[in-house]
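Student: I have a new model open and I'd like to learn how to read it. Can we walk through it together?

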Amino acid sequence: MPLTVRPRRKHSVRIAITLLCALLPVLLGGVILYMQAERTLAQSSQKTAEEALLQFELMLDSTAQAARDLLPLAGQPCENAKLALREQVTRRPFVRSTNLVWDNNLYCSSLFGDFKEAVKAGDYVQGKLWLMNGNPVTPNTALLVYRLSDGRGGALTTLDGYHLSNMLRLIGRHTMLLLQVGDNWMSANGQVRQGVLPALPVAHTMLDSSRYAFSVSAGFPKGETWRYMAEQYPPLFSLLMFFGVVSGAIGHVVQKRSTSPSHEMLRALEAGEFVPYFQPVVHGDSKKWSGAEVLMRWNHPKEGLVRPDLFIPFAEHSGLIVPMTRALMRQTAALLGPQSSTFAAPFHIGINITASHCRDLALVKDCREFLASFAPDSVSLVLELTERELIEPTEITQQLFEQLHALGVKIAIDDFGTGHSSLGYLRRFNVDFLKIDQSFVAMIGVDALSRHILDTIIELSAKLDLGIVAEGVETQAQADYLTAHNVNFLQGYLYGKPMPATDFISALSHH
Ligand code: C2E
Ligand code: CA
Ligand code: CA
């Protein structure tokens, strides 16, 4: 198939489209992976916060239970109570110290026994919980104090910051995790700080305990999504790259295809690459040149001369056949018009048309224009319509053929004998000529059945008073047989192959 492509789109545009095709799956896949990574991090942050909340509540449960057990002892002399205080420290997990309070004064401690220190209820969030950065015994070591009070008495139990930071580190191994009590907060490094929490811009989750006055925050630092993707998704990135390459290749091939063949033909039409070749038609008896059939050739810049059966089907399919035929008729008129004054009798010029020409009346105008280029009555324009592609008898076609006949244009049924036209059809379109298909001519003297069909066609045309043209006459025997059977016109290699205009015009003067 010679319809190889000369791209109509600019090279740069095609490269851009190919790149776009390649990038699209990569970008789309990248966005999906990014969203997936964000989801995974959000889930991980949520799970971490939930787990931390649960563990801190369990630790505080132990501290609160110790305080509850000791509260009834508040007010009793320290000497009587201190053993009970120490027992709680020993028995309860996570409890570091226990203390008794009376009238806002810490007066008894598990560590020192008798003691004296003022207790400020305002230090405790909701009067219950205080996250502090150590006490005189262990400065700079976090301590979580739980306060329980009833009237003048109270109990303070403390939770060692070591357990808290350990928990933060273990649970938040892949996440940043913070414990917050009022304004104070601590991270896994065990330091208690006051004020604004550090920013956790990615997948920040904050959960408040419903049972104690604290909350936990989990999240990730800036850029964590990309870091996570770089760590987890390399195989998926390779897959995306592969899809990108495949998609780019497909985009490239599709573009290449989409430019052919109709785009290529449009280009060729604009470049005037479709040219007429002329094949003589001779009189059956005198063998003098009585006309010619115009046969289209594609003078392709790379492929050379292209046969019509290779591109006419595409031209018909794309609808380009109509402007192509118009261009062919104009070239024919321009080439043969100047010769027409020398034509002794009306010279038959056969032009092949297709069903696409019969959808409107534009052909009438084309034919009128064509005839106007010749000396009056010097030519007889014959439109050849192949029998294999019969047209519907609609109002438009009826009008078209009436107007063509009014112009003096003749109609020939091409390839006659290979299709199914009926007598009614031949009458309705006022057909003037039948062109016997070359397959029947080739069978003269070879196949009895084909010869029988040939004889029948010849008889039929005589009865219907139609002119008859035999195509594909290659041998003298075929010519003799056809002449003996009164076939009016002969066309074939025996008399001349289709030739370019210059050859045809110079040969014409000899005939
Ligand atoms: P067609 O209209 O039946 O044209 C006759 C074909 O038979 C031509 O082939 C011609 O070269 C070939 N031919 C003529 N004498 C002989 C012979 O003695 N022996 C053999 N073996 N072949 C012979 P071509 O030029 O290749 O055209 C093929 C077909 O393409 C045409 O068949 C016609 O259907 C179509 N075609 C050609 N030009 C046009 C055109 O301008 N418009 C349309 N719609 N179709 C065209
Ligand atoms: Ca023809
Ligand atoms: Ca034919």
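Student: Which domains does the chain have?

Tutor: Domain bounds come from an automatic or database domain assignment. Here, the predicted model has domain 1 (52–174), domain 2 (228–256) and domain 3 (272–508). Taken over C-alpha atoms, the centres of domain 1 and domain 3 are separated by 113 Å.

Student: How should I read the numbers and cut-offs?

Tutor: Residues count from 1 along each chain as its sequence is written, chains are lettered from A and ligands numbered from 1 in the order in which they are written. Local features need pLDDT of at least 70, side-chain atom pairs count only at pLDDT 80 or more, totals for chains, interfaces and linings use all residues, and side-chain values use heavy atoms, leaving out hydrogens and water.

Student: In what order do the five strands of the open sheet lie?

Tutor: Strands are DSSP runs (E, at least two residues; helices are H or I, at least four), numbered from the N terminus, and two strands pair if DSSP finds at least two bridges between them. This sheet runs β9-β8-β7-β11-β10, with antiparallel pairing. Its edge strands, β9 (192–194) and β10 (202–208), each pair on one side only.

Student: How many bridges join β10 to β11?

Tutor: Five, with β11 spanning residues 215–220. Asp208 has Ser215 in β11 as its bridge partner.

Student: Which strands does helix α1 lie across?

Tutor: Contact means heavy atoms within 4.5 Å. Axes are lines fitted to C-alpha atoms, for helices over the stretch in contact, with angles from 0 to 180 degrees between N-to-C directions. Helix α1 (residues 11–70) lies across β7 (176–181), β10 and β11, at about 25° to β10.
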